[in-house]
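Subject: Structure for your review

Dear colleague,

Please find below the structure I am handing over to you. I should be grateful if you would read my notes with the coordinates open.

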Amino acid sequence: VLFVIFVLGLLKGRNSRRAAQQAAKLAKQAASSRIVEMQEDVLELPKNAVVDLSGKIPESEYVKLMKTFRDADTMISRTIASYTDIDHSAGDPDRPGLSTEEYEKMEQSYKALVDNLQRAKEMLDGVTKTAEEWKKKIQEIPNNLTTASKNAKDALGKVHAQRDRGFPVDK
């Protein structure tokens, strides 16, 4: 009876370890896939969008956008370096014989990398969105100036019409 309980305990521990190992492998694959996505021109669009705004928007806004872009770029670079460090240290889930806790720790490490890359992506998306909003405002300036000029001429015409009717008009 004790032997059966011992064997069942070993099997349960082995299954738990295998499940943890599989979860760690999946987390590593997710991190690897996300890194590949982040390396494929993901920085070009936001960078170009920000650089195109140089001298066209208030300097403080430009500096803020560029800082966010650089922070995201740095986060991506550090995350990729961390992935390499984890992968070359004890973070290989293909290594047999590790404990459930070691596999779970690997899984958490790889998930943290994915979370960092997601935050960097959200930062870059925010930079791109803000740059597009500024670009739209810049494109609207000529129309806004034309409208303002027309409104000013119309108002001046109405003032002159009132003056021509004999109403006093302040200069």
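The notes below cover confidence, the nonpolar core, one glutamate and a surface patch.

Please bear in mind that this is a predicted model. The protein chain has a mean pLDDT of 86, with 89% of its residues at 70 or more. Among its elements, the highest mean pLDDT, 93, belongs to helix α3 (residues 59-88), and the lowest, 78, to helix α1 (residues 2-39). Where pLDDT is low, the predicted coordinates should not be read in detail.

The largest nonpolar core has 30 residues, of which Met38, Leu65, Tyr110 and Leu124 touch the most other members. Two or more residues come from each of α1, α2 (44-52), α3 and α4, and α4 gives the most, with ten. Leaving aside neighbours within four places in sequence, Leu65 is in contact with Val50, Leu53 and Ile57, and also with Val127, Thr130 and Trp134.

Glutamate 107 counts as buried because its relative accessibility is 17%, and the cut-off for buried is under 20%.

Finally, Leu156, Val159 and Val169 make a nonpolar surface patch of about 220 Å². Val169 is located in the segment after α4 and, at 31% relative accessibility, counts as partly exposed.

With kind regards

How values were computed
Residues are numbered from 1 along each chain as its sequence is written. This is a predicted model: local features need pLDDT of at least 70, side-chain atom pairs count only at pLDDT 80 or more; totals for chains, interfaces and linings use all residues. Side-chain values use heavy atoms; hydrogens and water are left out. Buried means under 20% relative accessible area, exposed over 50%, partly exposed in between (1.4 Å probe, protein chains only). pLDDT is the predictor's confidence in each residue, from 0 to 100. Helices (H or I, at least four residues) and strands (E, at least two) are DSSP runs, numbered from the N terminus. A nonpolar core is a set of buried Ala, Val, Leu, Ile, Met, Phe, Trp, Tyr and Cys residues joined through side-chain atoms within 4.5 Å. Contact means heavy atoms within 4.5 Å. Patches are made of residues with over 30% relative accessible area and no salt bridge: like charges are joined within 9 Å, nonpolar side chains (Val, Leu, Ile, Met, Phe, Trp, Tyr) within 5 Å. Accessible areas come from the Shrake-Rupley method with a 1.4 Å probe; for residues, only the protein chains shown count as cover. A salt bridge is a side-chain nitrogen of Lys or Arg within 4 Å of a carboxyl oxygen of Asp or Glu.
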